[in-house]
Amino acid sequence: MQSRSLELLVGFFVSLGIAAVFVLTFRVASLDSVGDSGSSYKITAKFENTGSLSRGASVKMSGVRIGRVRDIGIDPETFQAVVTMEIDGARNNIPNDSSLKILTAGLLGEQYVGVEAGGDPEPLKDGSEVLFTQSALVLENLIGQFLTSFTQKEPAAAKDAPKADAADPAAAPAAAP
Amino acid sequence: MSFLSPLTDSLRGLGRASLFLLTIIATIPGAFLRPRLIVQQLYSVGVLSLIIIVISGSFIGMVLALQGYRTLVNFGAASSLGVLVALSIVRELGPVVTALLFAGRAGSALAAEIGLMKATDQLSGMEMMAVDPIKRVIAPRFIAGLIAMPLLASIFSMMAIGVAGGHAIGVELLGVDDGSYWSQINQAMHGRDIADMLIKATVFGLAISWIAVYQGYHAAPTSEGVSRATTSTVVVSSLAILALDFVLTAFMFH
Amino acid sequence: MTIATADTLVRVRALRFAFGPRTIYDGIDLDIARGKVTAILGPSGTGKTTLLRLIGGQWKPDAGSIEFDGIDVHQQSRNALFALRKRMGLLFQSGALLTDLTVFENVAFPLREHTRLPESMIRDLVFMKLEAVGLRGAANLFPEQISGGMARRVALARAIALEPDMVMYDEPFTGQDPISMGVLIRLIRGLNQALGLTSVIVSHDVVEVLSISDYAYVVSGGKVLDHGTPEAIRASKSPLVQQFLNGEADGPVAFHYKSAKTYADDLMAARA
């Protein structure tokens, strides 16, 4: 009798522990499939640059998660990144000409794939490739672009400067009264 | 030569403990032939540690959520609260705090029990009955500690992240969106993190069980010796956990 | 190696044993006769318990040999030693009962560990042994619920569970009231006669032990002082044996523990 209740308690403990491992792996970590419906389909897209997009990242449409990134690879011919995404089976009417963007959640957040719906009545199917994509914004490139445009504009700005000074006196009296 | 004696003493202790571990490992296959003994020990190291683990896990999750929220809200990143709680718990606090509690709760009890068995001649009585105390007493306790630690660490983490811990404070009290709490965790964490946690917990379990049974088995057979074995089990295990945690984390970060 | 004669079960020859600098045994010879009660008497601190642990093979002697039924205890592999130990029981002073098991399970312990007997047979055997020591009624109690004397009787039931050839008793009478002492004396003698059990009693309770033993050794200072039948021991000419038997405070064993300095020196040292 005593040993039976002991075995029961130990059994409870071990199953609770194993349940915790499963909860952590499937509920908390990203090993589960997308929706509760269970069914899902895969689409691919090529990007020039995926930034810090990683496996398991969300695929969102209008801010709502509809899937997740399954795999990121390289196209051996074009050297573009090939992103494979798994989309919730319930979202089976996404237009074929929709476009994908790699976006960042907030200033410091994780990167995700945003879907912008197109107008084609033909929906995306399993194995479809999305053709319209926009790469991740890479901060270094952005700063680089900003700097080059700044240096290009500098001579123009220098030429503009006297003109602005000249305009000032004219503007000042007008503002004074 | 005498100034070297602390060094040689500790080297001898380490050598003795290592040989002891090897002796235990050699008896482990035989110990699995008698699962009843292991189940009994799982009760005393696992089931009896459950309450302290569940309560501490919940409170640590709650505190982490409160503290994390205060910082994150300044960056407008309160929706990342789940990630903060989950990653800190699974990567660090889950296994480490569980191990520290386990050393205090189960390790000390293990050392005291074995020490008392030695002091009251129970171990030597077994030997005289031609029963190997390492096989009959030490190995089942060692194995139970090894099994219980990863389970307890998982339960701890589940409590800390989940409904009673970080989730309760973050979502119910501070108003972080339930969906984004979980989806952000989902995005940031991978099966790898869980596997690392289980590895850490198992290594800690091995260290604590080893230290506890060694201290108990080699305790001086007096009440003072038993109390010293109990204390040093907790002290040595705690230091070993923190040192091992550093080493393991360094390995897992590559 | 000498072959043990049929009537000698344990043969100790030129045994030397030391704990660090302290010599416990300095070359002693003992013969323990089969089927008899042999007493080993001596003052406290002469390492009588040590002798039992040496015979049981728990400790190794520095020199000399101990043979049990013609087998050198200290030349055996671990397995052979364990097989040998199944043939001897040791009754610890404390009883050494397993505190997490009931009295019944304590007695069943060696049976469960060493035999594959069905549960019903284990039950019968345990109750037979418990009946022999008069504690069948205490089968379901835990060791902390019974008195010290009862614990020793349970330990005795456990020691004879595997029906060994020999039982060694370590100070069986220490700290017992006269009634439980009487019970234990009756048990030791009774088991010896009923089962043909060889018994070794290590003790300093001279009167009780001499009353039940067939042969006695008096050990002190690492040597055997005298040996013989109880009558011969009582009539011993050795002053030390006489002091021990009669319980005199001073004699060959000095009342004062040996000191490096004289009494006067110690007193003067405090003044300085």
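Q: Which two chains make the most contacts among the pairs that touch?
A: Two pairs of chains touch in this predicted model. Chains A and C do not touch, their nearest C-alpha atoms being 12 Å apart. Between chain C and chain B, 21 residues of chain C are in contact with 15 residues of chain B, while 27 residues of chain B are in contact with 29 residues of chain A. The pair with the most contacts is chains A and B.

Q: What percentage of the area buried between chain B and chain A do carbon and sulfur atoms give?
A: The area buried between chain B and chain A is about 2,500 Å². On the side of chain B, the residues that lose the most area to chain A are B:L151, B:N186 and B:Q187, which together account for 25% of what that side buries. For the interface as a whole, the share given by carbon and sulfur atoms is 74%.

Q: Which residue of chain B forms a salt bridge with A:E7?
A: Across the interface of chain B and chain A, one salt bridge is found. The closest N and O atoms of the pair are 3.1 Å apart, inside the 4 Å cut-off for a salt bridge. The partner of A:E7 is B:R36.

Q: Which helix gives the most residues to the side of chain B that touches chain A?
A: Across this interface, one residue pair is in polar contact, both residues being at pLDDT 80 or more. Four helices of chain B, α2 (35-45), α6 (133-161), α8 (178-188) and α9 (191-217), each supply at least two residues of the side that touches chain A. By class, that side has 17 nonpolar, nine polar and one charged residue. With eight residues, the helix that gives the most is α6(B).

Q: How many salt bridges are counted between chain C and chain B?
A: The area buried between chain C and chain B is about 1,700 Å², with 56% given by carbon and sulfur atoms. One salt bridge here joins the side chains of C:R78 and B:D132, at 3.2 Å from N to O. The count of salt bridges between the two chains is four.

Q: Which element supplies the largest share of the side of chain C that touches chain B?
A: Between chain C and chain B there are eleven residue pairs in polar contact, both residues of each pair being at pLDDT 80 or more. The elements of chain C that give two or more residues to this side are α2 (78-85), β6 and α3 (103-114). The residues of this side divide into ten nonpolar, five polar and six charged. The largest share, four residues, comes from α3(C).

Q: Which residue is the bridge partner of C:M88 in β7(C)?
A: Chain C has an open sheet of six strands with mixed pairing, in the order β6-β7-β8-β3-β9-β10. Its edge strands are β6 (88-91) and β10 (223-228), each pairing on one side only. Four bridges join β6(C) to β7 (residues 166-170) of chain C, and these two strands run parallel. Within β7(C), the bridge partner of C:M88 is C:M166.

Q: Which helix of chain C packs on the sheet and touches β6 and β7?
A: Neighbouring strands of this sheet are turned by 15° against each other on average, direction ignored. The helix in question spans residues 148-159, and its direction makes about 170° with that of β6(C). The helix is α5 of chain C.

Q: Which residue of β6(A) is the bridge partner of A:L100?
A: Chain A has an open sheet of eight strands, in the order β7-β1-β4-β3-β2-β6-β5-β8, with mixed pairing. Its edge strands are β7 (129-130) and β8 (132-134) of chain A. Strands β5 (residues 99-104) and β6 (residues 111-116) of chain A pair in the antiparallel sense over six bridges. In β6(A), the partner of A:L100 is A:V115.

Q: How many residues apart are B:K200 and B:E92?
A: Over all chains, 28 salt bridges are found. In one of them, the side chains of B:K200 and B:E92 meet at 2.9 Å, N to O. The pair links distant parts of the chain, with B:K200 in helix α9 of chain B and B:E92 in helix α4 (residues 81-119) of chain B, and the separation is 108 residues.

Notes. Residues are numbered from 1 along each chain as its sequence is written. Chains are lettered from A and ligands numbered from 1 in the order in which they are written. This is a predicted model: local features need pLDDT of at least 70, side-chain atom pairs count only at pLDDT 80 or more; totals for chains, interfaces and linings use all residues. Side-chain values use heavy atoms; hydrogens and water are left out. Contact means heavy atoms within 4.5 Å. Buried area is the accessible area (1.4 Å probe) that two parts lose on being put together, summed over both. A polar contact is a pair of N or O atoms within 3.5 Å; within protein, one must be able to donate a hydrogen and the other to accept it, and residues adjacent in sequence count only if both atoms are side-chain atoms. Ala, Val, Leu, Ile, Met, Phe, Trp, Tyr, Cys and Pro count as nonpolar, Asp, Glu, Lys and Arg as charged, and the others, Gly among them, as polar. Two strands pair if DSSP finds at least two bridges between them. Axes are lines fitted to C-alpha atoms, for helices over the stretch in contact, and angles run from 0 to 180 degrees between N-to-C directions.
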